Amino acid sequence: MNALAVHLHLELWGVEAALRDDVARLEAALLDAAAAARCQVLGVVKHHFEPHGVSVVVMVAESHLSIHTWPEHGYAAA
């Protein structure tokens, strides 16, 4: 049986502070990644937490791309 997809989980430490709390830049990065992978984008869900932190999910026909940040820890999971 051939693999249908590759699933990557990235744990990112030391991410630039301004980026960890920037919904627009993270959404743009995920949309750029989807375009580079030639995925069909179905929709985007995003949320900015108070006082800080971001979740962005890009739904694609093939699966999804997502990122969640914890600015207080310098961490993002994608």
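1. Valine 58 stands opposite leucine 65 in E4. Bear in mind throughout that the model is predicted.

2. Now the whole sheet. It is open and holds 5 strands, in the order E1-E5-E4-E3-E2. The pairing is antiparallel. E1 and E2 stand at the edges, each with a single partner strand, so one side of each has no neighbour in the sheet. Neighbouring strands are turned by 10 degrees against each other on average, direction ignored.

3. Next, E2 and E3. Strand E2 covers residues 41-48 and strand E3 residues 54-60. They run antiparallel and are joined by 7 bridges. Glycine 43 stands opposite methionine 59 in E3. Lysine 46 has valine 56 as its bridge partner in E3. The hairpin of E2 and E3 has 5 residues between the strands. In that hairpin, glycine 53 takes a positive phi near 115 degrees.

4. E4 and E5 run antiparallel and are joined by 3 bridges. Their hairpin has 4 residues between the strands. Glycine 74 sits in the turn, with a positive phi of about 65 degrees. Tryptophan 70 stands opposite tyrosine 75 in E5. Both residues return in the next point.

5. Which residues make up the aromatic cluster? Trp13, Trp70 and Tyr75 form one cluster. The structure holds 2 aromatic pairs. Tryptophan 13 and tyrosine 75 form a tilted pair, 4.4 Å centre to centre, with 45 degrees between the planes. Tryptophan 13 lies in strand E1 and tyrosine 75 in strand E5 (residues 75-77), so this pair ties together parts that are 62 residues apart in sequence. The rings of tryptophan 70 and tyrosine 75 have their centres 5.2 Å apart and their planes at 45 degrees, so that pair is tilted as well.

6. Is tyrosine 75 buried or exposed? Tyrosine 75 counts as buried, because its relative accessibility is 10% and the cut-off for buried is under 20%. Tryptophan 13 is exposed, with a relative accessible area of 59%. Tryptophan 70 counts as partly exposed, at 32% relative accessibility.

7. On to charges. The structure holds 2 salt bridges. One of them links glutamate 27 to lysine 46, with the closest N and O atoms 2.7 Å apart. Glutamate 27 lies in helix H2 (residues 23-36) and lysine 46 in strand E2, so the pair ties together parts that are 19 residues apart in sequence. Glutamate 27 is buried, with a relative accessible area of 16%. Lysine 46 counts as partly exposed, at 46% relative accessibility. This is the lysine 46 whose bridge partner in E3 is valine 56.

8. The other salt bridge involves arginine 25 and glutamate 16. Their closest N and O atoms are 3.6 Å apart.

9. A nonpolar surface patch deserves a look. Val6, Leu8, Leu10 and Leu12 make up this patch of about 400 Å². Leucine 12 is found in strand E1, residues 11-13. Leucine 12 counts as partly exposed, at 32% relative accessibility. E1 is one of the edge strands of the sheet.

10. Last, the cysteine. Where does cysteine 39 sit? Its place is in the loop between H2 and E2. Cysteine 39 is partly exposed, with a relative accessible area of 22%. Histidine 9 lies 30 residues away along the chain. The C-alpha atoms of cysteine 39 and histidine 9 are separated by 18 Å.

Methods. Residues are numbered from 1 along each chain as its sequence is written. This is a predicted model: local features need pLDDT of at least 70, side-chain atom pairs count only at pLDDT 80 or more; totals for chains, interfaces and linings use all residues. Side-chain values use heavy atoms; hydrogens and water are left out. Patches are made of residues with over 30% relative accessible area and no salt bridge: like charges are joined within 9 Å, nonpolar side chains (Val, Leu, Ile, Met, Phe, Trp, Tyr) within 5 Å. Accessible areas come from the Shrake-Rupley method with a 1.4 Å probe; for residues, only the protein chains shown count as cover. A salt bridge is a side-chain nitrogen of Lys or Arg within 4 Å of a carboxyl oxygen of Asp or Glu. Helices (H or I, at least four residues) and strands (E, at least two) are DSSP runs, numbered from the N terminus. Buried means under 20% relative accessible area, exposed over 50%, partly exposed in between (1.4 Å probe, protein chains only). Two strands pair if DSSP finds at least two bridges between them. Rings of Phe, Tyr and Trp (its six-membered ring) pair if their centres lie within 6.5 Å; planes under 30 degrees apart count as stacked, over 60 as edge-to-face and the rest as tilted. Axes are lines fitted to C-alpha atoms, for helices over the stretch in contact, and angles run from 0 to 180 degrees between N-to-C directions.
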